[in-house]
Amino acid sequence: GEVCNMINKKYNEFLPSVQSAEELVSQVDGLSSNIDLLRAGIENEVQRDLNVAVAEFTELKQQLERDTLVLSILKKLQEFDTAIKEYNAALLEKKYVAAAQQLEKARSSLRTLESRKGFELKILKALGTELTVQTQNVLYHLGEEWQKLAVWKLPPSKESSSLESVARSELHLRTVPSKEEEVAGPPVASVLQAFAVLGELRTRLKIFGQLLLKYILKPLILYPSLQPITEEQSDAFVLRFKCEEPNLDHSTPMEVFDKIKLIFEVLHKYLLNVPLEQAAEEEKERRATLAELLGGMIWEELSDGLIQNCLVNSIPTNSSKLEQYVEVIKSTEEFEKALKNMQFLKGDTTDLLKYARNVNSHFANKKCQDVIVAARNLMTSEIHNTVKITPDSCVALPRLPDPEAGDQLKMQKTSKLLHNGTVNWENETKLSQYTFSLPTCRISSSVEKLMELAYQTLLEAAASTDQCCIQLFYSVRNIFQLFYDVVPTYHKENLQKLPQLAAIHHNNCMYIAHHLLTLGHQFRYRLTNILCDGAATFVDLVPGFRRLGMECFLAQMRVQKGEILERLSSARNFSNMDDEENYCAANKAIRQVLHQLKRLGKVWQDVLPVNVYCKAMGTLLNTALTEMVTRIAALEDISAEDADRLYSLCRTMVEEGPQVFTPLPEDDKNKKYQEEVPVYVQKWMTFKELMIILQANLQEIVDQWADGKGPLAAEFSAAEVKSLIRALFQNTERRAAALAKIK
């Protein structure tokens with residue numbers, strides 16, 4: 001019962017809420033169908049009207065756009081037409097700037113027309129053509145005017161660009177408008193501005209600039225004798241040249257700068273002082289002046305010309321003149337300032353000024369280059385022009401700077417000669433005069449000059465700035481390395497063919513080596529401070545030079561030895577001298593050898609140092625004697641007549657051999673050396689012993705041997721003596737007894 005009551009109670013509460021929900025649903029359904037009806041109405045009627053309206057609106061809008069376009073095109077066409085009309089009117093009155101501006105207006109109208117997409121008018125092509133024709137037309141007129149304004153009178157182009165033809169160039173600048181034109185302002189301005197408006201100015205100025213460079217500016221740099229002359233006439237300003245005798249090969253930079261400044265002043269005053277009406281689209285940029293435009297076109301070439309042909313030549317060649325160079329730097333600065341004031345130049349320090357200011361480095365480079373060129377010329381000059389040097393010879397030198405003077409080295413003008421013999425080791429113990437002396441001999445005068453060049457350059461180095469000092473020091477080292485490389489190659493054939501040149505070259509090398517020992521020493525105070533490890537020395541080059549001289553001379557000695565042996569090879573081995581023909585051949589060979597030696601003795605005379613001379617001649621004579629001894633000692637049979645003839649051949653060598661020793665031109669002084677021949681000819685005594693054997697009897701030979709203690713034993717071995725005995729004497733008991741004693 002309890003449960004039922006509860007259920008009923010709940011159900012009664014639930015029923016009404018169900019009913020109210022059902023009512024809500026039916027209300028919603030009604031609303032929904034109302035909306036459907038409304039939508040149907042809108043879709044069927046209102047939408048249709050809207051579509052019609054939009055379509056109409058769009059059509060009207062397009063119509064309007066078309067009309068506006070047509071209108072703007074007609075307007076542009078009208079603008080074009082007006083511009084061309086006004087252009088024609090302005091051209092008739094020679095108002096060139098106005099004419100040009102109207103043409104540019106027409107051009108911009110045409111551009112607008114051409115940019116309209118989907119609207120190609122056939123007429124546009126015709127308008128374009130018309131514009132081109134009119135532009136050419138006005139440019140032609142302007143060109144004619146321009147030619148009257150700046151008149152060039154040039155030499156015929158066939159002529160070379162020689163001074164004579166260049167001097168005939170003239171430039172006439174018209175200053176007064178001709179009568180029929182009543183135009184305000186200088187005529188130049190309107191012509192050039194019109195060019196500017198038409199965008200043609202650069203081309204015209206460029207041509208003008210090239211003519212200016214070729215016929216006026218460059219000749220002024222190249223020919224010191226050209227003077228620019230200016231002359232005002234009634235209606236023009238004339239620029240021409242006259243030739244004067246130049247006082248120097250090169251003008252100073254100051255003179256050249258003044259001449260060129262004058263040209264620019266004239267141009268500035270009569271031609272280029274014109275502000276430019278820039279073409280329309282460039283108005284945003286600041287107005288450029290004509291001078292600036294022209295300057296931009298020619299400055300680089302002009303400045304190169306000034307550096308190469310003017311400043312380069314003005315770089316001093318010795319350091320004493322460096323201080324005066326400040327003038328050049330100052331005048332370069334003034335030159336640039338003047339050009340900036342006339343607006344030819346903009347911007348700061350140009351290459352020209354940088355070059356002038358960098359004089360120290362150019363000085364060093366130029367100096368080094370000059371030194372090497374001079375050295376190379378000396379090395380390739382003839383070797384055989386010689387000078388005699390003696391132990392007292394000197395290298396002519398300005399006084400060396402005082403070691404205490406530190407860096408403020410001033411060149412003393414007094415000249416101190418540097419001895420070959422005594423090197424002035426300041427304040428140190430004096431060495432014997434001959435410790436470093438060179439023997440008397442001849443060297444090429446070019447090598448003496450080369451040495452002077454080296455000393456001079458080191459002096460120059462000692463007085464220069466650090467950087468320059470280092471460069472110069474190394475260029476002196478380069479001189480010697482260059483010699484080492486150039487001379488043997490350049491003179492190769494002559495050094496092989498001509499014994500005299502080989503001797504001079506030998507002396508040259510020894511002379512250089514000798515100086516290199518002490519060369520760095522005189523400059524050590526100045527150079528060691530700068531060069532690391534105190535490397536201011538040339539000593540390392542000495543062995544190379546000695547070797548160079550020795551090798552060349554030894555090669556020549558080998559040639560001469562070869563010739564001696566070649567000649568003696570025709571002596572039929574000195575066998576069978578009793579045969580007349582054989583004897584003649586041997587005699588001739590010996591005569592030729594002596595003749596060869598005599599000739600050498602002459603070409604080396606007074607050239608080689610005496611000790612070298614005697615050694616060389618001694619060696620060659622020794623070659624001949626050794627060859628004869630070897631040949632004769634090898635004979636198996638020598639008849640009495642053979643022996644006599646061999647003896648007389650040997651006697652010729654002993655009597656005439658020493659006479660080839662003529663180291664000095666004064667004959668009486670050569671006796672001493674001829675008497676000393678045994679000292680220089682190693683096999684001399686051997687040869688004399690051989691002659692004794694050829695004349696001796698068996699007993700005399702045994703006596704000369706003296707149990708291996710006699711003079712004969714000092715020169716020949718027992719086997720050689722026995723062989724000679726067997727060849728000279730017939731086989732007898734006496735011979736056997738004699739042979740037994742030779743052991």
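Ile-216 touches Trp-152, Leu-171, Leu-211, Leu-239, Phe-241 and Ile-263, leaving aside residues up to four places away in sequence; a contact here means heavy atoms within 4.5 Å. The model is predicted: local features need pLDDT of at least 70 and side-chain atom pairs count only at pLDDT 80 or more, while totals for chains, interfaces and linings use all residues. Residues are numbered from 1 along each chain as its sequence is written, and side-chain values use heavy atoms, with hydrogens and water left out.

**Nonpolar cores**

- Ile-216 is one of the residues with the most contacts inside the largest nonpolar core, along with Phe-208, Leu-212, Leu-217 and Leu-267.
- That core has 93 residues, and helix α8 (residues 290-314) gives the largest share, 11 residues.
- A second, separate core has 72 residues, among them Ile-590, Leu-646, Val-702 and Leu-712.
- A nonpolar core is a set of buried Ala, Val, Leu, Ile, Met, Phe, Trp, Tyr and Cys residues joined through side-chain atoms within 4.5 Å.
- In soluble globular proteins, nonpolar side chains tend to be buried together.

**Whole protein**

- The protein has 27 helices and eight strands, taken as DSSP runs numbered from the N terminus (helices H or I, at least four residues; strands E, at least two).
- Of the 743 residues, 44% are buried; buried means under 20% relative accessible area, exposed over 50%, and partly exposed in between (1.4 Å probe, protein chains only).
- The accessible surface is about 40200 Å², and carbon and sulfur atoms hold 53% of it; areas come from the Shrake-Rupley method with a 1.4 Å probe, and for residues only the protein chains shown count as cover.
- Among contacts between residues at least 6 apart in sequence, 74% join residues at least 24 apart.

**Helix α21**

- Helix α21 (residues 667-675) has the buried residues Asn-670, Tyr-673 and Gln-674.
- These buried residues line one face of α21, because they fall within an arc of 100° seen down its axis; the arc is that of the directions from the helix axis to the C-beta atoms.
- The buried residues of α21 pack against α19 (610-633) and α22 (677-680).
- Asp-668 and Glu-675 are exposed, on the face of α21 turned away from its buried side.

**Cysteines**

- The structure holds zero disulfides, a disulfide being a pair of cysteine sulfur atoms within 2.5 Å.
- Cys-469 is buried at 1% relative accessibility, and the closest cysteine sulfur, in Cys-468, is 7.6 Å from its own, too far for a bond.
- Cys-552 is in no disulfide, with the nearest cysteine sulfur, that of Cys-509, 7.3 Å away.
- Cys-552 is buried, with a relative accessible area of 13%.
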